[in-house]
Amino acid sequence: MINVVGFRYCRLGTADLEEAVKFATDMIGLELVGRENGYVYARGDDRDHNICYFQGDPEDHTLGLELADFDDLDAAESSLKSAGLEVHRGSDEDAAARRCMGYINFKDPSGNSIDLTVRPFASGRRYFPGRDAGIDEFSHVGLRVTDPREAEKFWSEMFNFRTSDWIGWSALMTFDAVHHRFALFPSDRPGIQHINFQVRENDDVMRSNYFFRDHQVRIQAGPGRHSLSGARFLYFYGPDNMIYEYSCGVRMIDDSWRARQFPVNDASFCAWGSRPDLSILESPEETA
C-alpha cells in the first residue's frame with residue numbers, strides 16, 4: 001500500500017494567467033510567492049505553495065501528494081507499474097519546478113494527473129495574505145472521476161485512503177484525521193472540480209460571502225453547513241470556471257469512525273438549506 005502523508009499542491013492551466021493570479025491574490029486572498037519560467041506560485045499557509053498557475057489548457061490539472069521518503073517513492077513506482085499504470089520519474093529540473101526534491105507522476109484510472117512528491121519545500125517565511133480572508137490551510141480537493149466506484153476502490157486499495165461517508169456514489173475519503181481530503185465527483189472527464197481552503201471561523205465565511213457579492217464574484221453554493229463533515233462552507237467561481245471553497249469546523253475522525261450513506265438531496269449537502277447544482281453528484285450514465 002502507498003502511504004500518503006501530506007496534501008501539497010494543485011497545478012492549474014489557465015487561459016489568462018494574469019487574470020488567474022489577480023483573482024488568487026485579490027479575491028481568494030492567497031500570497032503570491034514567486035514567478036519562475038512561466039509558473040506562478042501562490043499559497044495560503046506555511047507550505048511553499050498550494051497552487052501553481054501556468055498559461056495553458058484550463059483542463060490541464062495535476063494534484064500533488066506527499067510521501068515520507070525516497071524509499072516510499074521507489075516502492076510506489078513499483079506498485080503502480082505492477083498495477084499496469086504508466087509512471088514518469090521526474091527530472092531534477094522538473095522537481096525544482098514542483099518545489100520538491102523528487103517526484104513521480106501517474107494517471108489514475110479516471111485519467112487524473114497525480115504527482116507523488118518527496119521532501120516538498122516548506123517556507124521560511126510566514127504566510128502574508130493578499131487580503132484578510134482568514135485562510136489558514138489548503139485542505140482538500142474535489143476530484144472528477146469517470147467511475148466513482150472504481151475510483152474509490154483504487155484509492156482505498158492502492159493507497160491509504162479510507163472512505164468517511166458517501167453521498168450517492170460519491171465517496172469522501174481521507175488518509176488522516178480530517179473528515180475528507182478527496183471528494184470524488186462523478187464526471188465524464190478527469191480534473192480538479194474544486195479547491196478548498198480552511199478559514200478560522202464562521203465570521204470569515206460570512207465576511208467573504210458579502211465581499212464576493214460586492215465584487216460580483218459568482219457564488220456556487222452557500223453559505224451553508226455540510227451535513228456530512230459539519231463544516232460551514234462557501235463555494236465560489238474563479239477564472240476558467242474553477243470552483244474554490246472556504247470552510248471551517250470540519251469534523252475530525254478516528255479509526256472507530258464508520259462511513260455513512262447519504263442520499264443525493266439538498267439536506268444531505270447542506271443542513272441549513274443551501275441549494276447547489278446536485279447534478280455534479282450524479283454518475284455520467286445516470287445523466288446521459
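By class, the lining of the largest cavity has 9 nonpolar residues, 7 polar ones and no charged ones. The classes are simple: Ala, Val, Leu, Ile, Met, Phe, Trp, Tyr, Cys and Pro are nonpolar, Asp, Glu, Lys and Arg are charged, and the others, Gly among them, are polar.

Ground rules next. This is a predicted model, where local features need pLDDT of at least 70 and side-chain atom pairs count only at pLDDT 80 or more, while totals for chains, interfaces and linings use all residues. Residues are numbered from 1 along each chain as its sequence is written, and side-chain values use heavy atoms, with hydrogens and water left out.

How is empty space found? Rolling a probe the size of a water molecule over the atoms shows where it is left. On a 1 Å grid over the protein atoms alone, a cavity is a set of points where a 1.4 Å probe fits but cannot get out. A pocket is an open set with protein on both sides within 12 Å along at least five of seven lines. Lining residues have an atom within 4 Å of a point. Grid points join across faces, edges and corners, and a volume is the space filled by probe spheres set on the points.

How many cavities of 30 Å³ or more does the structure hold? There are 3. The largest cavity has about 180 Å³ of space. It is lined by 16 residues, and L172, F185, H226, Y235 and F269 are the closest to its centre. Which elements supply at least two residues each to that lining? They are β11 (170–174), β12 (182–186) and α6 (266–269). β12 gives the largest share, 3 residues. Those element names come from DSSP runs, numbered from the N terminus: helices are H or I with at least four residues, strands are E with at least two.

Now the second largest pocket. Its volume is about 210 Å³. Of its 22 lining residues, P58, H61, D240, N241 and M242 are the closest to the centre. β1 (6–14), α1 (17–28) and β13 (191–199) each give two or more residues. α1 gives the most, with 4. By class, this lining has 12 nonpolar, 6 polar and 4 charged residues.

On to the sheets. Strands pair if DSSP finds at least two bridges between them. Inside, β9 (135–145) pairs with β12 in the parallel sense over 5 bridges. There, V141 has F182 in β12 as its bridge partner.

The other open sheet has 8 strands: β2-β3-β4-β1-β5-β8-β7-β6, again with mixed pairing. Its edge strands are β2 (31–36) and β6 (87–89), each with a single partner, so one side of each is left without a neighbour in the sheet. Here too the twist averages 20° from one strand to the next. β3 (39–43) and β4 (51–55) run antiparallel and are joined by 4 bridges. A42 has I51 in β4 as its bridge partner.

Now helix packing. α1 touches β1, β2, β3 and β4, and its direction makes about 150° with that of β4. Contact means heavy atoms within 4.5 Å. Angles run from 0 to 180 degrees between N-to-C directions, with axes fitted to C-alpha atoms, for helices over the stretch in contact. Helix α2 (70–82) lies across β5 (61–67), β6, β7 (102–107) and β8 (113–118), at about 20° to β7.

Last, two residues. Is F7 buried or exposed? F7 is buried, because its relative accessible area is 3% and the cut-off is under 20%, with exposed over 50% and partly exposed in between (1.4 Å probe, protein chains only). F7 sits in strand β1. Its contacts beyond four places in sequence include L63, F138, V141 and F182. The C-alpha atoms of F7 and L63 are separated by 8.7 Å, at 56 residues apart along the chain.

M1 lies in the segment before β1. M1 counts as exposed, at 64% relative accessibility. Not counting residues up to four places away in sequence, M1 touches S156, E157, M158, F159 and N160. M1 and S79 are 78 residues apart in sequence, yet 7.9 Å apart in space, C-alpha to C-alpha.
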